[in-house]
Amino acid sequence: TANEMWGGRFAAGPAAIMEEINASIGFDKRMYAQDIAGSKAHCAMLVKQGILSEADGTAITQGLDKVLAEIEAGAFEFKASLEDIHMNVEARLKELIGEPAGRLHTARSRNDQVATDFRLWLRDAIDGLEAQLKTLHRALIDKADKHADVVMPGFTHLQSAQPVTFGHHLLAYVEMIGRDRGRLADCRKRLNECPLGAAALAGTSFPTDRHATAQMLGFDGPTHNSMDSVAARDFAMEFLAAASITAVHLSRLAEEIVIWASQQFNFVHLTDAFTTGSSIMPQKKNPDAAELIRAKPGRIIGSLNALLIVMKGLPMTYGKDMQEDKEVTFDAADNLSLAVAAMAGMVEDMEPNKESMRAALVDGFPTATDLADWLVRVLGLPFRDAHHVTGSLVALAEKQGVTLDALSLADMQTVEPRITDDVFSVLSADASVNSRTSFGGTAPANVKAAASAARERFL
Ligand code: ARG
């Protein structure tokens, strides 16, 4: 049988495979609440403008509320033959209220409808993520504050570089998450314009008030060009780009947690709450949550890639290609949400193992830079010369199999005769971190101040 929406031009229904490839209801039913909210706002605007009678408006609004209640009660039958959420809702509305249902689609199209629903959905998703990221932020800041003075090796190239504090290390992620939240907020701001009323692509001859519809739906205003309104998906691409960057940041922290929790490092302890066992090896406690977070960029960047490729080269305006925008976006939003929540839990759970961190400072001469700096400050050597002298002292210590502070003064003086006893004051890891008082540096007092500043900035 011909389609009930466009049956006028059609004598027969679609092939089964046509229906299958065409239908989006399997995934776009997630936007039911946004679809109904959009329809109610559109209906109210039509009544306000005298395009629809009060009586029809009331019937439609009450009918839509009923549809919403049915969906929320799980009593709604979604039909693939009705393609998508928009037609499923409208068809049910017609069953419920009859003729007035057919007037709702005046001065709109599914093209502006779906663009509106999708923006509304994404706006909610961003708000949800923002709340979760704030929770993660709090967990990181609290932990950093608590361990502002726990000394550990800082790494470059995953080689011991200079001593830092665990709190300082965590605050690096606080900065990243801060920018991630900023990117999502920017995305939200740009997407918050309402396409509804652009109709198919050219606008409408009905005396609509698009500003009113936009306002009712909490948008900052209507989109400015009817063609762009139905053709644009950069709001979703921008979201996916921001989500990808966030996922990459989470995966870097996840990887560090995997490394830190290994027996070889043993820098942090995760409780049973954030580890899993092995079916064969009884001793195991694996950091599976961290590994899954490490993996999430695979699908999230994949989603960004997928949508960029779908949109690339699409001519104006709407094309059914664009129906492919939703599954990838939903998947990315769901998985990012999961990753952020799991990371927040894991950060709260994780405790540093101070002894292991301190023991690791024995390897790799992490205070070599402090020694070079002492040669500059006290002996007045140019930094390049100091670097060279220190390199020779490191080679000497390596040969003797000792740390820099275990070299005798006499041995040091064989390399640079002007070195005095005072040099030992800068060779401990504690002295090193305490001296790093430059703005943004790792001195525990700085870290304490940075943590409270972060509280002000981000919480
Ligand atoms: N299900 C469609 C989508 O997700 C809705 C818009 C359909 N518009 C159209 N002219 N076929 O993109």
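Helix α10 (residues 234-261) packs against helix α11 (residues 288-295) at an angle of about 145 degrees, and their axes lie 8 Å apart; axes are lines fitted to C-alpha atoms over the stretch in contact, with angles running from 0 to 180 degrees between N-to-C directions. Helices are DSSP runs (H or I, at least four residues) and strands likewise (E, at least two), numbered from the N terminus. In the contact, taken as heavy atoms within 4.5 Å, Leu250, Ser251, Ala254, Glu255, Ile257 and Val258 of α10 meet Ala290, Glu291, Ile293 and Arg294 of α11. By class, this contact of α10 with α11 has six nonpolar, one polar and three charged residues, where Ala, Val, Leu, Ile, Met, Phe, Trp, Tyr, Cys and Pro count as nonpolar, Asp, Glu, Lys and Arg as charged, and the others, Gly among them, as polar.

This is a predicted model, in which local features need pLDDT of at least 70 and side-chain atom pairs count only at pLDDT 80 or more, while totals for chains, interfaces and linings use all residues. Residues are numbered from 1 along each chain as its sequence is written, and side-chain values use heavy atoms, with hydrogens and water left out.

The ligand is surrounded by Ser24, Asp28, Asp84, His86, Arg110, Asn111, Val114, Tyr318, Lys320, Gln323 and Lys326, each with a heavy atom within 4 Å. This shell has two nonpolar, four polar and five charged residues, and helix α6 (residues 110-146) gives the most to it, with three residues.

| Ligand atom | Side chain | Distance |
|---|---|---|
| nitrogen | Asp84 | 3.0 Å |
| oxygen | Tyr318 | 2.5 Å |
| nitrogen | Gln323 | 2.7 Å |

Taken alone, the ligand exposes 340 Å², of which the protein buries 87% (Shrake-Rupley method, 1.4 Å probe).

Definitions and conventions
Polar contact = N/O pair within 3.5 Å; in protein donor to acceptor, adjacent residues only side chain to side chain.
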